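This report goes through a few features of the structure shown below, for a reader who has not seen it before.

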Amino acid sequence: MTKSIKVKNPATGQLIQEVRKNTEEEINQALKRGHESFQSWSKVNAHERARLLKNWSLKIQENKEVIAETMTLESGKPIQESLGEVDYATSYIDWYAEEAKRLYGRTIPAASETKRIMVSRQPVGLVAAITPWNFPAAMMTRKAAPALAAGCTFVVKPAEETPLTTMKLVELAYEAGIPSDVLQCVNGIGSEVGSLFTDSEFVRKITFTGSTPVGKLLIKNSADTVKHVSMELGGHAPMIIAEDADIDFAVEQTVASKFRNAGQTCICVNRVLVHESIAEEYAEKLTEKVRALKVGNGLEKDTQVGPVINEKGFEKIVSQVNDAIEKGAEVLHGNEYDANRDEGYFFVHPTVLNNVDSDMKIMQEETFGPIIPISTFKEIDEAIAIANGTPYGLAAYFFTNNYKTGTYLHEQLDFGILGWNDGAPSAAHAPFGGMKESGLGREGGSEGIDPYLETKYLSIGNL
Ligand SMILES: NC(=O)C1=CN([C@@H]2O[C@H](COP(=O)(O)OP(=O)(O)OC[C@H]3O[C@@H](n4cnc5c(N)ncnc54)[C@H](OP(=O)(O)O)[C@@H]3O)[C@@H](O)[C@H]2O)C=CC1
Ligand SMILES: O=C(O)CCCC(=O)O
């Protein structure tokens, strides 16, 4: 078995760095240290925890360019997006540095003069996180920041494709004054490290962002020790464009949502459902915009769409596109690839598919690639049924200027995140998360710290 992880640039296939895998013994030791340091960290007062988190955020900002470059090198993400992700990542730290000071308890009027009831909130303990390659900075900070703010200690295992960004963030946390046993990074293979995390008596909570099958496995494996779990899993976001929608704006927002990180985000629009009366105009305008997108190495400043992460991701995208074409979809643009298996790079050119049906794989599965499938509807209830008709429930978008249609869609769509005339809803101050098989719990907003807290109820008698 190899002792290191080869981190490669997905735009060229070239080796960037070898990262040593931690041994089982080292990982168990890290968990033990995390557990032991919980005793001291949970007693550090909230204002001091907030100060340390703010320091961390400042250190990250001071190193913004180097972190962004590392992120682009290991994930392929266009540099402008990586710079944006550094800001996005620190926005979670800044938000939870403030929230640390607002972990309020409450008192409850008792049903007896001789009793008092108090409710307080306490950190759950050691948190173990597993993060994905598509947002190597922000997915880590939106877990670590609320955990540390709550008084929990934290161990993270980043994706094998992108450990370098996470390792840099952890190094900067130490420079900021966060104790080294309070925030730790371990490297290794997902399934192996995952089992060590779920089996450990020291870990009280598992938090994960990644695919739905791995999320389900982590939930199952956490059952024996009844750990808390937060799961941010796959999505299959529909975008419903009603007949009264502002078509130009909907086109602009489709492009913004779909091509972020080459379509590799769990909230990227994955299927467009457009009213039949405006479908032709929408498809034409969209295709024109998509044609103008620049594909290339993310280090080039004008690149808008970088490579996809690896061969597995590439094969999934190609098989969905081929399946759609075989079943009658029309290619309005794209279906072009620049891939080299020997060298190890995989570019998928932005693609627009028309006349797509619900029986095509692309309308049933998460794509994680720069493909837009367009389907039409006559009645809004038909669009809602298609949108809700999968096991996913993360993000959904709708475009309408009719408040009745918008309110109806808001109420009927079974998704945790809704963008009404908005293709970019993510924000540190808002709760991000899914329904159904897209996940459990929320990250961000005032809700995002709750999963790191236990409720303790005290009843005082004989007063
Ligand atoms: N919700 C989201 O944001 C994401 C969704 N996905 C979806 O999943 C698809 C496949 O991507 P992929 O990268 O394979 O996703 P995975 O879910 O396999 O990987 C995400 C993280 O989970 C880890 N992991 C993998 N297997 C296990 C396991 N058995 N136990 C514990 N941790 C594990 C990975 O580690 P390691 O790197 O060592 O394998 C990585 O850190 C994508 O095409 C996309 O559809 C993927 C990433 C993010
Ligand atoms: O794809 C993901 O899991 C990351 C979420 C992206 C976002 O926060 O907008």
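Helices (H or I, at least four residues) and strands (E, at least two) are DSSP runs, numbered from the N terminus. The model described here is predicted.

Met435 lies in strand β20, which covers residues 435-436. Met435 counts as partly exposed because 16 C-beta neighbours lie inside 10 Å, and a buried residue would need 20 or more. Leu394 is 41 residues away from Met435 along the chain, yet their C-alpha atoms are separated by 6.0 Å.

The largest nonpolar core has 66 residues. Those with the most contacts inside this core are Leu53, Tyr96, Leu148, Cys152 and Phe154. Helix α5 (residues 138-150) supplies the largest share of the core, nine residues. A second, separate core has 65 residues, including Ala237, Ala262, Phe398 and Leu409. In soluble globular proteins, nonpolar side chains tend to be buried together.

The table gives the contacts of two residues, leaving aside neighbours within four places in sequence.

| Residue | In contact with |
|---|---|
| Tyr96 | Leu53, Ala145, Pro146, Ala149 and Ile449 |
| Met435 | Gly393, Asp414, Phe415 and Gly416 |

Which residues surround ligand 2? They are Asn134, Phe135, Met139, Thr209, Glu232, Thr265, Cys266, Ile267, Ser426 and Phe432. By class, five residues of this shell are nonpolar, four are polar and one is charged. Domain 1 (4-233 + 438-460) and domain 2 (237-427) each contribute at least three residues to the shell around ligand 2.

Note on methods. Residues numbered from 1 in each chain as written. Chains lettered and ligands numbered in written order. Predicted model: local features only at pLDDT ≥ 70, side-chain atom pairs only at ≥ 80, totals over all residues. Core = buried A, V, L, I, M, F, W, Y, C linked by C-beta atoms within 7 Å. Buried ≥ 20, exposed ≤ 12 C-beta atoms within 10 Å, placed from the backbone. Contact = placed C-beta atoms within 7 Å. Near = placed C-beta within 6 Å. Nonpolar A, V, L, I, M, F, W, Y, C, P; charged D, E, K, R; others polar. Domains from an automatic or database assignment.
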